[in-house]
Protein chains: 2
Amino acid sequence: MSPQTAPITLADLQRPVRARLERVPQELRRIVEADFGLIAQVNSHLFQTQGKMFRPTLLLLADEATGARDPRVTTLAAVVELIHLATLVHDDSVDHSVLRRGMPTINSLFSHQVSVIMGDYLYSRAVIELVRLDDLEPLRVLSRVTNEMTVGEMRQLLAHEPIEFSEEAYDLLIQAKTASLLSGSCEVGALQASPEERASLRRFGAALGMAFQIVDDLLDYVGDSSVTGKPTGSDLREHKVTLPLIAALPRMGEGEQRQVAALMDTAEPTDRQIAEVIAAVGEAGGLEYARDRALRLAQQADGELDALAPSRARDALRASITYVVDRTR
Amino acid sequence: MSPQTAPITLADLQRPVRARLERVPQELRRIVEADFGLIAQVNSHLFQTQGKMFRPTLLLLADEATGARDPRVTTLAAVVELIHLATLVHDDSVDHSVLRRGMPTINSLFSHQVSVIMGDYLYSRAVIELVRLDDLEPLRVLSRVTNEMTVGEMRQLLAHEPIEFSEEAYDLLIQAKTASLLSGSCEVGALQASPEERASLRRFGAALGMAFQIVDDLLDYVGDSSVTGKPTGSDLREHKVTLPLIAALPRMGEGEQRQVAALMDTAEPTDRQIAEVIAAVGEAGGLEYARDRALRLAQQADGELDALAPSRARDALRASITYVVDRTR
């Protein structure tokens, strides 16, 4: 979004917690380990597609920035990544996705059946591990988060009707689908901190998470497909209504509104239809509006960090806002 | 199995705990309540297909028979039923089942997507409710049970190869798929009891659950389809290998073994193929063998109840064994 500033990399954010972060994958492997052949195969495939560990990073930074130094922090970081993984496995199954991070999804490589069961396996392992920590507090936060994510997925199923899908409904969707787990990760990293710091980090994660999803949805309109890894306009192609379109729609002329309606009524819209709607959304100020909202959420997230004492970890949390807002993939 | 004795009904078992059992559906509704339209719709459909409440019955009887009188028992009973429901929703989605208890499944009435998400929704609500009870013990039991059930489902996917599927593998499958939740229900009903009573009830539930599944699998061979509600031989039709076939196979002649192999190699076996294999399984003693195993498990379950003091609830637990072994649906 501001390509003129030096880009912040994930490695920059992770520096203050690198040593502990490097133990997370091993911890994750321990938690999901199975002597059952098929499960072990799926696990090993999942680890190959391992992601950016953004949620564990936030959790570890929250712990570090509050000086809490919770001895269970590596396990907790592995558990939030595991919950994220379980969600992705079911999401891909629900969406019939074929690729994730350039690798075949579980549903495409194994089967729909295996992916439903495997998501359940991973999530129940996460709960077992949290029970083992002998403390209800992380479970209290993360069971609520997991439930919110399912509500978000349900909302997603209904987000295909631009006329009826309001910005308020969009906010509820991205809060549940994306912000809840980022918020929960930050909060669980601050369970040993003061109630004020814990609340600030929870709100920080929520604002950051909403900005994260808005930028994701924006990239679908403006991203370079060679960088994002998916074709521009794929949300429109799947009739997914996101903030740029919601904001643009009431400001469009009748002709453009009809174009949108036509696209939504077409089972497989053409590239030209998609390009025209993307252009119309831009002209009606939809992209700018979404960018503004992401920036306001970023400011909100930034403000929450004032509750913490200055530290390298707090700097990294601030930098994570820039990372989220400026990312191009 | 012994139709000459007076049949024991579910209502007979439920008598000692009827008042509390009647509060379970309302408690279940409270736990899963949602202000979100689609979720509320699915919930209301689920409640219409409400089952026999066998697991809540066992839990309440275990509580009563140990004199524990746990004040949380109605909630715990609702939670085990909820976990059972969540599992059924995912099972039906995995199996692409169209009907369950004579009603359309969630996947057929709504969609595959809705059923995956809804199973996750129900299970995460169960965890939230357990956390609210402020005690890790029920969670410890039930998170392990839930994970075992996913392993059982995975084993089920692989249970299609009669030559490789041994009785040992079958035992592991039914232990994980069915016995674990019956065992967990009995154990969670005895959390306030002595460790000995708790362990006895856990083992009682495990033996009862294995007998339950063996009888289920037997009914697929010998049941009256107008009573069971599904056509005889549907497991064979779906290439599901169960105990009668496992036991019969090594005692069959070469011709019959070839018939079995041919059925397993046929995508859609004919009614005649199925009838022939059912007859061959019977002639080779497969049904008798399975019946014997169910009865031995029933004896084992019965023996475990000797650890409890005599009571109406203990009598009902004993009667539940007869109910399981004698049932015709």
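This tour moves from the pair of chains to selected helices, loops and salt bridges.

The model is predicted, so local features are given only at pLDDT of at least 70 and side-chain atom pairs only at pLDDT 80 or more, whereas totals for chains, interfaces and linings use all residues. Residues are numbered from 1 along each chain as its sequence is written, chains are lettered from A and ligands numbered from 1 in the order in which they are written, and side-chain values use heavy atoms, with hydrogens and water left out.

**Stop 1: both chains**

**Stop 2: the interface**

Select the contact residues next: 37 residues come from chain B and 37 residues from chain A. Between them the chains bury about 3,700 Å², with 76% of it on carbon and sulfur atoms. This buried area is the accessible area (1.4 Å probe) that the two parts lose on being put together, summed over both.

Two salt bridges are found across this interface, a salt bridge being a side-chain nitrogen of Lys or Arg within 4 Å of a carboxyl oxygen of Asp or Glu. Select A:D134 and B:R140, which form a salt bridge whose closest N and O atoms are 3.4 Å apart. Extending the selection to B:E137, B:E187, B:R198 and B:R202 shows a network of salt bridges that also includes A:D134 and B:R140.

**Stop 3: helix α16 of chain B**

Select residues 271-283 of chain B, which form helix α16. Helices here are DSSP runs (H or I, at least four residues), strands are runs of E (at least two), and both are numbered from the N terminus. The 13 residues of α16(B) reach 18 Å from the first C-alpha to the last, close to the expected 18 Å at 1.5 Å a residue; the expected span is 1.5 Å times one less than the number of residues.

Colour B:Q273, B:I274, B:V277, B:I278, B:A280 and B:V281, which are buried. Buried means under 20% relative accessible area, exposed over 50%, and partly exposed in between (1.4 Å probe, protein chains only). Viewed down the axis of α16(B), the buried residues fall within an arc of 165 degrees, so they line one face of the helix; the arc is that of the directions from the helix axis to the C-beta atoms. B:D271, B:R272 and B:E283 are exposed on the other side of α16(B). The packing partners of the buried residues of α16(B) in chain B include α11 (195-222), α15 (254-265) and α17 (286-304). Just after the helix, B:G285 has a positive phi of about 85 degrees.

**Stop 4: helix α3 of chain A**

Move to residues 24-32 of chain A, helix α3, where A:V24, A:P25, A:E27, A:L28, A:I31 and A:V32 are buried. Down the axis of α3(A), these residues fall within an arc of 160 degrees, so they line one face of the helix. They pack against α2 (18-22), α4 (37-48), α5 (54-65), α6 and α8 (112-132) of chain A.

**Stop 5: two histidines in loops**

Most residues other than glycine have a negative phi. Select A:H96, whose phi is near 55 degrees, in the loop between α6 (73-95) and β1 (99-100) of chain A. Then select A:H239, with a positive phi of about 65 degrees, in the loop between α13 (234-237) and α14 (243-248) of chain A. A:H239 counts as buried at 14% relative accessibility.

**Stop 6: A:S183**

Find A:S183 in helix α10 (residues 167-188) of chain A; at 8% relative accessibility, A:S183 counts as buried. Its C-alpha atom is separated by 9.4 Å from that of A:L59, 124 residues apart along the chain. Neighbours within four places in sequence aside, A:S183 is in contact with A:R202, A:G205 and A:A206.

**Stop 7: salt bridges within chains**

The structure holds 51 salt bridges over all chains. Select A:R203 and A:E304, whose side chains meet at 3.0 Å, N to O. This pair links helix α11 with helix α17 of chain A, 101 residues apart. A:R203 is partly exposed at 40% relative accessibility, whereas A:E304 is buried at 16%. Finish in chain B with the salt bridge of B:R293 and B:E167 (3.2 Å, N to O), which links helices α17 and α10 across 126 residues. B:R293 counts as buried at 11% relative accessibility.

Technical notes: Contact means heavy atoms within 4.5 Å.
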